[in-house]
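Dear colleague,

I am passing on the structure we discussed, and my notes on it follow below. Please read them with the model open beside you.

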Amino acid sequence: MGIIADIHEDLEKGALQLIIEYRGRLQAEAMRLCHDATAADDLVMRTFETVLFRIDKYRPDGNLFGWMKSILTSLHFNDGLR
C-alpha cells in the first residue's frame, strides 16, 4: 500500500509516513527559497498541511514530490505577494 492509500485509510498514520519520507527533501527546497531555518520550517509544515487538505486532487500517475514541491514554491511566492 502506498502513502496516498495510507492517508485515505488512516490520516494520522499516512501523514506521519508522508512527513518521514519527504520532510528532508522539502526542507532543503524551503531553505533554498527562504535562506532562514525558521521560515523554512514554517513553509514545510504549511506545505504538508496543504498537501493533506488537497490530497484528493493529487493524480496517482504524477510525481508526488514534484506536486508537493510545486505547492511549497507557490506558498513561498504567495507569501511574498502579501
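Contact here means heavy atoms within 4.5 Å, and helices are DSSP runs (H or I, at least four residues) numbered from the N terminus. This is a predicted model, in which local features need pLDDT of at least 70 and side-chain atom pairs count only at pLDDT 80 or more, while totals for chains, interfaces and linings use all residues. Residues are numbered from 1 along each chain as its sequence is written, and side-chain values use heavy atoms, with hydrogens and water left out.

To begin with the helix pair, α2 (residues 11-34) meets α3 (residues 37-53) through residues including Leu-18, Tyr-22 and Leu-26 on the α2 side and Leu-43, Phe-48 and Val-51 on the α3 side. By class, this contact has 18 nonpolar, two polar and two charged residues (nonpolar being Ala, Val, Leu, Ile, Met, Phe, Trp, Tyr, Cys and Pro, charged being Asp, Glu, Lys and Arg, and polar the others, Gly among them).

Tyr-22 touches Ile-3, Phe-48, Leu-64, Phe-65 and Met-68, leaving aside residues up to four places away in sequence. Glu-29, also in α2, counts as buried because its relative accessibility is 16%, where buried means under 20% relative accessible area (1.4 Å probe, protein chains only).

Best wishes

Definitions and conventions. Helices (H or I, at least four residues) and strands (E, at least two) are DSSP runs, numbered from the N terminus. Buried means under 20% relative accessible area, exposed over 50%, partly exposed in between (1.4 Å probe, protein chains only).
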